[in-house]
Amino acid sequence: MRRSADLLLGLGLLAAALASLLTGSAALSPAEVGTALVGGGTAEARLVVVSLRLPRLALALLVGAGLALAGAALQLLLANPLADPFLLGISGGGAAAATLAVVALPAAMLGLVPLAGVGGAALATGLVWWMARGPLGASSTRLILAGVAVNAAASAVILLVLALASGNRVPGALAVTMGSFAGASASRVGWLLPYTLLPAAVLLHHGRDLGLLGTGEESAAGLGVDVLVVRRQVFLAAAALCGGAVAFAGVIGFVGLVTPHLCRLVWGPAPRRLLVRSALLGAALTAAGDTLARRIVPGAELPVGVVTAVLGVPFFVALLRRSA
Amino acid sequence: MSGLIARGLCGGYGARRVVGPVDLQLPVGRCTAVLGPNGAGKSTLLRLLVGILRPTAGEVEVLGRELLSLRRREAARLVGFVPQAVTVAFPLTVYEMVMQGRAPHLGPWRPAGPADEAAVEAAIRDLGLAAHRHTPVHTMSGGERQLVLLARALAGEPRLLLMDEPATGLDVRHQLALVDTVRGLVARGVGAAVVLHDWNLARRLADTAVVLDRGLVAAEGPPDEVLTTALVARVFGVTVERVAASEGPVLVPQHASVAASSIGAPKAPGGGPACRSDRAATRPPTPPDAVA
C-alpha cells in the first residue's frame with residue numbers, strides 16, 4: 001500500500017512537472033519542448049523552455065516542498081494539526097519584512113531581501129509561539145488567534161510600506177505579497193536552493209524528536225528530547241523555508257496545512273517518512289497549482305495563491321470543525 | 001545507596017518557588033509514593049527529579065552521576081517518566097506510541113531493531129494491551145491512555161521510573177493491576193516514585209510515603225507509620241478514621257476539617273527554609289519552559 005502510494009507520488013510529481021513544462025504563452029508542441037530540453041530545436045524554443053519554463057517549474061517545486069516541510073514540522077513541534085506557515089502569520093511576517101527591504105534597501109543590496117524575509121518570518125514565529133504556547137502544546141484557539149494578530153500586524157506593515165514607497169519599487173513589493181512564480185529565473189532558483197536544502201536537512205535530522213514533540217513538550221522532554229535546542233532549530237529552519245519562499249515567490253497559503261495531513265492519511269504518522277513525503281507532495285501540488293493558475297482562465301494568469309486558497313480553505317474549515 | 005538522591009533541591013516557575021529545599025532518596029528496588037494536597041508541588045518535584053525542569057538550587061544524583069551533567073537522552077535512558085497527560089494531536093496506534101519509549105536508546109537516526117521491538121512487545125503484554133496493539137490512542141478512554149503511557153515508559157527499560165498520577169482515571173481493577181505492575185518492576189530492581197491522591201492505594205503500592213506540603217517534605221517513612229490521622233488532618237485538612245481491615249489499616253475520610261483553610265495557601269514571603277541560591281542568588285531565575 002505504501003509502496004504503491006510512493007509509486008503514485010513519483011508519477012504525480014512527474015506528471016505535474018511535464019504539465020508545467022508544456023504550459024505557457026508560447027505555443028510549443030510536446031515534441032518541441034522535449035527537443036529544447038535536450039538542447040535541440042530552435043533558439044527561441046530553447047530560450048522559452050530552458051530560461052523561462054524550467055526555472056519556473058524548479059521554483060514551484062522548491063517553494064512547495066519548503067512550505068509543506070515547514071507545515072509538517074510546525075504541526076509536530078506545536079502538537080497542533082492547525083499549524084500552517086500562512087495561517088500562523090509566518091509567511092506574512094516574512095512578506096512584511098521582505099516588502100520593507102524591497103522598498104528601503106539601495107538597489108545594490110537587494111540580494112539581502114531573502115534574508116530580511118527569513119528575519120521577519122523568524123520574528124513572527126517567535127511571537128506566535130510566545131502567544132500560543134501551553135503545557136500540552138499550543139491550543140488551537142490560541143494558535144489561530146496568535147496567527148490572526150501577527151497577520152494583522154504584517155498586513156499593516158505591508159500597507160504602510162506600499163503607501164510610502166516610491167513608484168518604481170511598488171511592483172517589486174507587490175510581487176512579494178502576491179504569490180506567483182512568474183518572475184522565476186535560473187539565478188533566483190540558485191539563490192533559493194540553500195534556503196530550502198539547509199533547513200530541510202535540519203528538520204530531517206530532528207525527525208524523530210519532532211515525532212515525540214507531537215505528544216507535547218513535557219512528554220518529549222521525558223523521552224530525552226532537548227526541547228529548547230530542538231525548538232530553536234526547528235523554528236529557525238521553518239522560518240528560513242517560509243522566508244525564502246516568500247522572498248522568491250510571494251505568499252502562498254495552505255500548501256503547508258493540507259499536504260502533511262494528506263501524507264499522514266496515506267503514509268501514517270512516522271515523522272521522518274512524513275517530512276519527506278510532505279516535501280515531495282508539496283512540490284507536486286504547488287507545481288500543479290501553478291499550471292492550473294496559468295490555464296484555468298484563457299489568456300490570463302491567476303496568482304497561484306488563489307488556486308491554493310480555493311483548494312485549501314474548505315480543507316481548513318473541515319479540520320477546524322473536527323478539532324473542537 | 002544507589003538510586004536517585006536529591007539534595008537541597010529547589011525549583012519553580014519564574015521567580016515563584018514551588019518546591020524546596022527538599023532532600024529525598026529513591027533507592028532502586030523500592031517504591032516511593034509522593035502524596036500531598038493539590039498545589040503542594042508534587043508534579044514540580046517530579047519534573048525536577050526527572051531533569052526536565054532545571055532546579056534553582058540543589059542537585060539530583062542518579063546512580064552516582066549528577067543529573068544535569070548528563071545529556072538529556074542519556075538521562076532519559078536512566079530515569080523514565082510518565083507525565084500526567086499527553087497531547088494526542090495526531091492519530092498514533094498503541095504500538096507506535098509505546099515504540100516512542102525506545103527513543104532514548106535510538107538517538108536521532110538508528111532504526112528500531114529486534115531488541116527494541118522485543119521491549120515494546122514486553123511492555124504491551126505487561127500492561128494487558130496486547131489486544132489493543134493497533135488501536136489508535138486518540139480513540140481510547142483516559143484510563144486506557146494512562147496504561148499506554150505507562151507501557152511507553154516501561155519500553156524504555158529505565159532504572160528509575162517516575163510517574164505523575166498514573167492511577168487517575170483508572171477503574172479499581174486497573175488500579176490493582178497498576179499496583180501489580182509497579183510491584184513487579186520494583187521486584188526486578190527498578191526504583192519507582194508514584195504521585196498518588198489515594199492514601200490506601202499508596203499503602204498497597206509503596207514501601208515509603210513522602211508527604212509534600214507547600215513544597216516541603218512534611219513526613220517520610222513507611223506508609224502505615226506516616227499516614228496518621230493527625231498528619232492527614234494537618235496536611236490535607238481532612239478528618240479521617242483509621243479502620244482495621246484484614247490487610248491492614250485503611251483511612252476513611254469523615255469530613256473536611258477547619259484546617260482546610262491552609263490548603264493551597266500561598267507561602268508567606270520569606271517563609272520556610274531558604275534555598276541555597278535564594279540567598280546567594282548565583283543563578284538567574286529559570287523561565288517556566290526551561291527544559292534541560
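In what order do the 6 strands of the open sheet in chain B stand? In this predicted model, the order is E6-E7-E8-E3-E9-E10, and the pairing is mixed. Strand E6 (79-82) and strand E10 (216-221) of chain B each have a single partner strand and stand at the edges, so one side of each is left without a neighbour in the sheet. From one strand to the next, the twist averages 15°.

Within this sheet, strand E3 (residues 31-35) of chain B pairs with strand E9 (residues 208-213) of chain B in the parallel sense, over 4 bridges. In this pairing, B:Val34 is placed opposite B:Val210 of E9(B). Helix H10 (residues 229-236) of chain B lies across E3, E9 and E10 of chain B and runs at about 35° to E9(B).

Between them, chain A and chain B bury about 2600 Å², of which 58% is on carbon and sulfur atoms. The residues that lose the most area on the chain A side are A:Arg208, A:Glu218 and A:Leu223, which together account for 25% of what that side buries. The contact involves 33 residues from chain A and 31 residues from chain B.

Between chain A and chain B there are 2 salt bridges. A salt bridge joins the side chains of B:Arg47 and A:Glu218 (2.3 Å, N to O). Several helices of chain A each supply at least two residues of the side that touches chain B, among them H3 (43-77), H8 (186-205) and H11 (227-249). The residues of that side of chain A comprise 13 nonpolar, 12 polar and 8 charged.

Definitions and conventions:
Residues numbered from 1 in each chain as written. Chains lettered and ligands numbered in written order. Predicted model: local features only at pLDDT ≥ 70, side-chain atom pairs only at ≥ 80, totals over all residues. Heavy atoms only, no water. Pairing = 2+ DSSP bridges. Axes fitted to C-alpha atoms, helices over the stretch in contact; angles between N-to-C directions. Contact = heavy atoms within 4.5 Å. Buried area = accessible area lost by both parts, 1.4 Å probe. Salt bridge = Lys/Arg side-chain N within 4 Å of Asp/Glu carboxyl O. Nonpolar A, V, L, I, M, F, W, Y, C, P; charged D, E, K, R; others polar.
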